[in-house]
Amino acid sequence: MKRLKIGITCYPSLGGSGVVATELGKILAEKGHEIHFIAHSMPFRLGKFQRNIYYHEVEVTDYYVFRYPPYDLSLASKMNQVAQRVGLDILHVHYAVPHAICAYLAKEMSGDGLKVVTTLHGTDITVLAQDETLKDIIRLGIRKSDAVTAVSQDLIKETRELLDISEPIDLTYNFVDKRIYYPRECSDLRREYAEPGEKVLMHISNFRPVKRTSDVVDIFAKVSQRMPAKLILVGEGPELPRLQHKIECMGLRERVILLGKQDDVAQVVSIADLMLLPSEKESFGLVALEAMACGVPTIGSMAGGIPELVQHGVTGYLAPIGDTDAMAAYALELLEDRKKYADFREACLKRAHEEFCDEKISAQYERIYYRVLGLPAEVPMTACQA
Ligand code: GMT
């Protein structure tokens with residue numbers, strides 16, 4: 001099979017999409033492909049040196065006539081330079097705007113040999129495609145890509161509805177590396193945050209309004225009225241100050257722990273009994289998958305692609321958006337029944353490690369690359385072994 005040269009562009013410091021793009025690049029590099037990250041800063045999950053991985057920083061040209069220095073043009077130019085210099089086969093961009101448009105420009109500059117794959121992650125469609133000023137350019141980016149993938153069936157459906165797109169869109173779910181995401185031994189760490197007998201509920205996000213973090217606190221308050229519990233909040237974002245005020249007002253300060261941003265999510269998640277994800281919009285919910293892979297069930301909303309990941313009554317429970325009474329009742333049901341909790345935990349591990357493992361999903365991406373290049377793809381269908 002031909003070893004590919006793949007350029008990857010993502011938002012290097014942004015949650016789920018940046019994580020998926022970076023982890024995919026690392027896995028493809030392990031498989032022998034040559035990976036070139038092209039971004040304004042080093043993707044935060046890239047970590048230490050790895051064979052077959054290169055990083056190209058985009059520098060923005062400032063000039064006195066520019067009111068807004070044009071990052072998008074600098075990115076397109078850098079993509080073109082890298083493509084020509086190393087002979088890229090594929091530019092795989094994560095997020096439609098501006099990355100798909102920049103890739104289109106780079107392809108126009110470097111020639112048709114360069115193929116563009118665009119992965120839609122969520123708010124590039126569910127929020128930005130609702131904006132009339134951006135709709136046409138997002139549609140152009142999608143139409144000019146050689147292949148488009150989306151991280152859930154729900155996102156595919158929404159893309160078609162919002163943008164009137166009929167071209168094929170491949171489904172490529174988020175994935176976890178099971179060498180990293182498995183139940184870690186964490187009793188010492190857990191003791192630092194919770195007394196023996198206390199349950200630990202957790203929420204991880206960028207605290208944007210779509211995450212409905214106020215619901216997280218309401219669910220927790222209802223649970224902690226019935227059993228000793230702690231809430232651990234991981235991440236930072238615009239809603240956090242308001243949330244802290246709410247926590248104070250509800251007299252929950254002693255029961256809520258704010259960990260801020262954390263890199264080693266697998267370690268942190270392993271101390272939780274339940275993950276809470278009551279989002280308004282969520283194209284997939286990578287954090288619920290990461291929790292699942294560590295044996296932690298999710299209680300969440302039926303938003304977007306969450307039901308494609310969390311099987312109601314098997315690996316977690318889902319309720320309508322905003323129904324915090326139902327979510328709290330489900331949390332209590334699971335936490336009060338040891339046998340049921342153990343069954344859910346086992347189902348979580350099996351599903352995450354078998355259905356959403358890195359080997360399986362990275363092979364799907366490879367097949368898409370070979371397809372757009374018109375090359376035979378002998379990538380095995382699935383190689384996951386729990
Ligand atoms: O959830 C976020 O706000 C971060 C966001 C992002 O753009 O990185 O995550 C989106 O992409 C992830 C990876 O595909 C998905 O797992 C998240 O569900 C999705 N977030 C939303 O749809 C809100």
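A crossing of two helices is called left-handed if the near helix is turned anticlockwise from the far one by less than a right angle, and right-handed if clockwise. This description concerns a predicted model, in which local features need pLDDT of at least 70, side-chain atom pairs count only at pLDDT 80 or more, and totals for chains, interfaces and linings use all residues. Residues are numbered from 1 along each chain as its sequence is written, and side-chain values use heavy atoms, with hydrogens and water left out.

The chain is divided into domain 1 (5-175 + 357-373) and domain 2 (187-355), with bounds that come from an automatic or database domain assignment. The centres of domain 1 and domain 2, taken over C-alpha atoms, are separated by 30 Å. To the contact between them, domain 1 gives 22 residues and domain 2 gives 16 residues; contact here means heavy atoms within 4.5 Å.

The interior may be described next. A nonpolar core is a set of buried Ala, Val, Leu, Ile, Met, Phe, Trp, Tyr and Cys residues joined through side-chain atoms within 4.5 Å. Buried means under 20% relative accessible area, exposed over 50%, and partly exposed in between, with a 1.4 Å probe and protein chains only. The largest nonpolar core has 81 residues, and those with the most contacts inside it are I125, M202, V269, L289 and Y369. At least three residues of this core come from each of domain 1 (5-175 + 357-373) and domain 2 (187-355). Apart from it lies another core, of 30 residues, which includes L201, A229, I299 and A331.

I125 lies in helix α4 (residues 123-126); helices (H or I, at least four residues) and strands (E, at least two) are DSSP runs, numbered from the N terminus. The relative accessible area of I125 is 0%, so this residue is buried. Not counting residues up to four places away in sequence, I125 touches L120, Q130, I138, I142, L155, E158, T159, L162 and L163. I125 and R160, 35 residues apart in sequence, are 9.9 Å apart in space, C-alpha to C-alpha. For M202, leaving aside its neighbours within four places in sequence, the contacts are L231, I232, V234, V268, V269, I271, A272, L274, M275 and L276.

Axes are lines fitted to C-alpha atoms, for helices over the stretch in contact, and angles run from 0 to 180 degrees between N-to-C directions. Angles under 35 degrees count as roughly parallel, over 145 as roughly antiparallel, 65 to 115 as roughly perpendicular and the rest as oblique.

The axes of helix α5 (residues 132-143) and helix α6 (residues 153-163) come within 11 Å and cross at roughly 125 degrees, which makes α5 oblique to α6. The crossing of α5 and α6 is left-handed. Here K135, I138, R139 and I142 in α5 meet T159, L162 and L163 in α6.

For helix α8 (residues 213-224) and helix α9 (residues 240-249), the axes come within 10 Å and cross at roughly 20 degrees. This makes α8 roughly parallel to α9. Their crossing is right-handed, and the contact is made by T213, S214, V217 and D218 of α8 with L243, K246 and I247 of α9.

Helix α1 (residues 15-30) and helix α15 (residues 358-373) have axes that come within 10 Å and cross at roughly 85 degrees, and α1 and α15 are therefore roughly perpendicular to each other. The residues in contact are V20, L24, I27 and L28 of α1 and D358, S362, Y365, E366 and Y369 of α15.

Several details of the backbone remain. A cis peptide bond, with omega about -5 degrees, joins V97 and P98, and P98 is placed in helix α3 (residues 96-110). N52 is not a glycine, yet has a positive phi of about 75 degrees. N52 is in the loop between β2 (34-39) and β3 (53-57) and is buried, at a relative accessible area of 12%. R212, also a residue other than glycine, has a positive phi near 50 degrees. R212 is in the loop between β8 (199-204) and α8 and is partly exposed, at a relative accessible area of 25%.

Finally, E198 is in the loop between α7 (187-193) and β8, and counts as buried at 7% relative accessibility. Not counting residues up to four places away in sequence, E198 touches R190, Y193, P228, A229, K230, R255 and D273. E198 and D273 are 75 residues apart along the chain, and their C-alpha atoms are separated by 9.8 Å.
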